[in-house]
Amino acid sequence: MVEEQEQVQRSAEDAGAADGAKVPLAAQMETPTVFLMRLSKELKETYGADADLAGILVDNLLTVAPEANVVANARTAIVALAGRRAAPAAPQEVDTTDG
């Protein structure tokens, strides 16, 4: 995974070549793994994005070789997330002692 992150970084640096130099097309191309990692990172870092939902998408759907039951797994995770969010918050005790 670290190696793939370094590849993402190198791809980003190559794409922004200094002095307006043209970057060869082969250097601009990304592997599916690099593309999905970059997309996942951007999704998680987008202001206002739902981090929990983004995590579910990244873990279940944004993979190079998804499992056969990936949609069912994602659905289950989303329903569980919705259930946790819909549950009323537990009442908090208020400290009434003078101290």
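Predicted model: local features only at pLDDT ≥ 70, side-chain atom pairs only at ≥ 80, totals over all residues.
Biologist: Is Lys41 buried, partly exposed or exposed?

Modeller: Residues are numbered from 1 along each chain as its sequence is written, and side-chain values use heavy atoms, leaving out hydrogens and water. Buried means under 20% relative accessible area, exposed over 50%, and partly exposed in between (1.4 Å probe, protein chains only). With a relative accessible area of 49%, Lys41 is partly exposed.

Biologist: Thanks! Which side chain meets that of Lys41 in a salt bridge?

Modeller: A salt bridge is a side-chain nitrogen of Lys or Arg within 4 Å of a carboxyl oxygen of Asp or Glu. At 3.7 Å, N to O, the partner of Lys41 is Glu45.

Biologist: And how many residues apart in sequence are Asp50 and Arg85?

Modeller: Good one! Asp50 and Arg85 form a salt bridge, with their closest N and O atoms 2.6 Å apart. Asp50 lies in the loop between H3 and H4 and Arg85 in helix H5 (residues 70-86), so the pair ties together parts whose separation in sequence is 35 residues.

Biologist: Last one: is Asn60 buried or exposed?

Modeller: Asn60 belongs to helix H4. Setting aside residues up to four places away in sequence, Asn60 touches Val70, Asn73, Ala74 and Ala77 (contact means heavy atoms within 4.5 Å). At a relative accessible area of 17%, Asn60 is buried.

How values were computed. Helix = DSSP H or I, 4+ residues; strand = E, 2+ residues; numbered from the N terminus.
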